[in-house]
Amino acid sequence: MSETVLKVEGVHTFIGQHHILQGISFEVGADAVTVLIGRNGAGKSTAIKTVMGLLPPSEGRILFRGKEIQRRKPYEIARMGIGFVPEDMGVFSGLTVEENMRVAMLIEDEATYQRLDRTLEMFADLRKFWKAKAGNLSGGQKQMLAIARAIVNDTSLLLIDEPSKGLAPIIVESLIEVINRIKDHSVVILVEQNFSMASSVGDNFYILDDGIVVHSGIMAELVHDEELKSNYLGISKVGG
Amino acid sequence: MAEKTPVQLFHLEDKRKRYRRSDFYLRIGVLGLLFLIPFLFPSYKTVDLAMKIVIYAVLVASFDIMLGYTGILSFGHGMFFGIGAYSVAFLIGKYGDPSYFNLMLGMAIALLAAAALAVIISFLSLRVKAIFFAMITLAIAELAIVLATKLSGFTGGEDGISLSMPGIFAVSFSAGEFLGIEITGRVFTYYLILLSCLGLFIVMLRFTHSPLGRVLQAIRDNEQRAEALGYKTFIFQGISITFGCVMAALVGGLYAMWVGYVNPESCLGVFEIMLAVLLMCIIGGMGTLYGGIVGAAFYLITETFLPDLQHLARDFFPNALFLHNVLERWSLVLGVLFILIVIFFPKGVIGSVRDYLARGSR
Amino acid sequence: MAEIILRRWGGELAIAGAIALFLLPLLGIPGKTYLTLTIAGLAMGMLLFLVASGLSIIFGLMDVLNFAHGSLFAWGAYVGFTVFNLMMDWVEADSVLMNLGVFAIAIVIAMIAVAILGIILERVIVRRVYGNHLFQILITFGATIVLVELISVFWGPNDEVMTVPFTFRGNWDVMDVIVDRYRVICIVIGLLVYSVIKLILKKTKIGTIVRAGVENREMVQAMGHNIFLLFTGVFAVGAGLAALGGVAMSVFSLQVYPHMGSTYLLFAFIIVIIGGLGSVTGSLVGALIVGLSYNYVAYLVPWAAAGSNVIIMIVILLVRPTGLFPSGE
């Protein structure tokens, strides 16, 4: 593993009175897609929301490129170059696709417009429905919009929460392609329950259970480790 | 012996402590004082003050059922209070003779009218969001004032209605002297209202300690969770609102009996009554019921003696300008106090003292 | 079936129903009086819109129900009153320019002063209770007590007469229909403010961000926008609008008094419930409904005027509990 981009050290997070993250630690290197996997309620979404600053950790440290960010506000964290695609996509359905992209563009300079062009090349549908209300897009298109918003800025780390959720297999295929293209520009952390998606884009993996990391390693090895898969990812056997 | 559930243990602990806690004696003491007031301080001013503290304390408690125990803020509480006051005034003042039967009937009408209106308002506003309740009750309360003022043929308009109490409660009634005090109808009325208020207060205490009251607190603390546990929050909130409003109406009826006069401003006024009730509730402590007593006592005593305090301050501390300003601008001080309490002591006097004692005993 | 129709055409049905409702008084009112009343109603509606829109935007973006909005309105009126008194020769001058000048100066100063007050209120008080509706209402209600008392401290507790600028007084007689001059000015102000708000929300980046924030605050934050700065800004704008409404309304009703805020806050509540909390267009439509119906009913059945609004509100709550317009419009 080369340079460490994100380092999470012993983080505890509460939601209300519920102790969700119970001392989670993981590291993300610069040249890989890291996948957080685990059962429902294992704390995967909470983990990336905590990184994003949307949930305040009660303990522990989060380092982004060597700087502590666990006490910063979400907007400060976003401005440091972390993009976020939430589980529900967070698309502004009353706004047009264009307006959604405009809200996302933090600085409207030459470089941003170049990135916008590059992004729209990747997501042809967005250009097609440029003036349409985002609420009228299909589920897959909304997901594309959500990802496009997150990469239109100069993001160096992208947090994506369950992008394949509720999408048709054929759209998941194109998502995999998109993520494989994004990883050339940006480090990606993916929360994913769909093991086939996780295994086809992920380089490294962390398995979460009850708010801590129980296993980690290289994705290529996990694919062949039937015992680990059935112990922690029961879903992958049933759901495929 | 079988393992006890946490709830059972809690109840046992509660029972064991009940007769040992100092505040138990405090309660008995306050109650005893209220019973002796007509003999200890027979002046009109003190008896009137004590009675109003009792009435407002119970009114605040009924407000607290909704605010503190259910998390719903109503600006229509004054209106329900007024409905009760007007019901009694109609029956023994404007449309009926003072008789025991009419008095009882007035209270019964107060109860039914308040319950019906509360159910309708809950249905209207809770369908949307609990915060709508504050806005909608405010609007409807204003409407009530307008109606009471404009429909003067029916309600007596701004002139209001005077009423007199029946039989032994009549002002003119006298049962001779006892312990050097003349036992007039006023004294009987005092005890009638005191006992009624005590009864209402006990009913409310039972209500909050019932399983229903605990569900309400669960809803207040986390509506989604309560809903997820299968409670129809809408219905429970409606029950709590109806209960609180009915209590307010009954208190209103008692108030009319004491002051012998109702008019739109003093019985329905959103700002006259609601402001006082909210201040009393916040100062005393939301979600405590007993807070109403502290809040009402503080508010009414300072209000009654404010002119005296101002004189005293001027006579004894002629140079304490700050003190003078504070007393001159008492409403402003109350407003600031209100905000500070909401921010720093959201549990009010009673809640904060309880917290402090709990911390001390641990 | 009925529900589908309501969902698809609810807005249109409501508008058609509203139009029908507003022609209905013609049955009982002579035509020319009807026109005069309509202008009066539109003027009143526009003024109420100024109060309600701020309340609505603040709720839409920040999810804060600001009970202190009425007292900010009263503060605006008093600041305007002070400016009028300081520049009384301009107010009394028989010159449209000077009159408009003093009116504009009063509005600008009142808006700035109250916007600052709003910023203080948001920073010191409201910020502590984000996410807790109950405490928001309590704490802003407390702020109302303080702000109203402060008016009594600075300006005295009594009613004061507001002078109407000289050339704003009187009527125009347009083909036998009496048109009060100042009412026309009110209608123009209302339309102007509505257009500017809509333009800002639609065309500017900050407006787009505000609309996005109304939908999903968390996401706007996660996209790198300082939502707290936005909150303060929107609160200041809402306060400024209340102040504008306060100045305009005090000239309209010829007086200022410390408790004036509570009356108009009540109107504003009814309006946002009718129009839909969080929607600017809804505020406009709701305000016009309230203003017009108030004037018609006041003419037909004087004692029922104040009640008509509450009745409309109740009907709307029964038919369409979320108001006529969805938030963010």
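Mentor: One term before we start: two residues are in contact if their C-beta atoms, placed from the backbone, lie within 7 Å. Also keep in mind that this is a predicted model.

Trainee: At what angle do the two helices pack?
Mentor: About 165°, with the axes 10 Å apart. Helix α14 of chain B covers residues 291-316, and helix α15 of chain B covers residues 321-328. Angles over 145 degrees count as roughly antiparallel, so α14(B) is roughly antiparallel to α15(B).

Trainee: Is the crossing left-handed or right-handed?
Mentor: The crossing of α14(B) and α15(B) is left-handed.

Trainee: Switching to chain C. How many helices and strands does chain C have?
Mentor: Chain C has 13 helices and four strands. Its radius of gyration is 20 Å, close to the 20 Å that the globule rule gives for 329 residues, so chain C is as compact as a globular protein of that length.

Trainee: What does the C-alpha trace of chain C span?
Mentor: About 60 × 55 × 35 Å along the principal axes of chain C.

Trainee: What share of chain C counts as buried?
Mentor: Of its 329 residues, 56% count as buried. As for contacts in chain C with a separation of 6 or more, 79% of them come from residues 24 or more positions apart.

Trainee: Now the chains together. Which pair of chains has the most contacts?
Mentor: Two pairs of chains touch, and the most contacts are between chains B and C. Chain A and chain B are joined by no contact, and their closest C-alpha atoms lie 10 Å apart.

Trainee: How many residues does the contact take from chain C and from chain A?
Mentor: The contact takes 18 residues from chain C and 19 residues from chain A.

Trainee: Which elements of chain C give two or more residues to that side?
Mentor: Those are α8 (205-215) and α9 (217-222) of chain C. α8(C) gives the most, with six residues.

Trainee: What about classes on that side?
Mentor: The side of chain C that touches chain A has seven nonpolar, seven polar and four charged residues.

Notes: Residues numbered from 1 in each chain as written. Chains lettered and ligands numbered in written order. Predicted model: local features only at pLDDT ≥ 70, side-chain atom pairs only at ≥ 80, totals over all residues. Rg over C-alpha atoms; globule rule 2.2 N^0.38 Å. Buried ≥ 20, exposed ≤ 12 C-beta atoms within 10 Å, placed from the backbone. Nonpolar A, V, L, I, M, F, W, Y, C, P; charged D, E, K, R; others polar. Axes fitted to C-alpha atoms, helices over the stretch in contact; angles between N-to-C directions. Parallel < 35°, antiparallel > 145°, perpendicular 65-115°, else oblique. Left-handed = near helix turned anticlockwise from the far one by under 90°.
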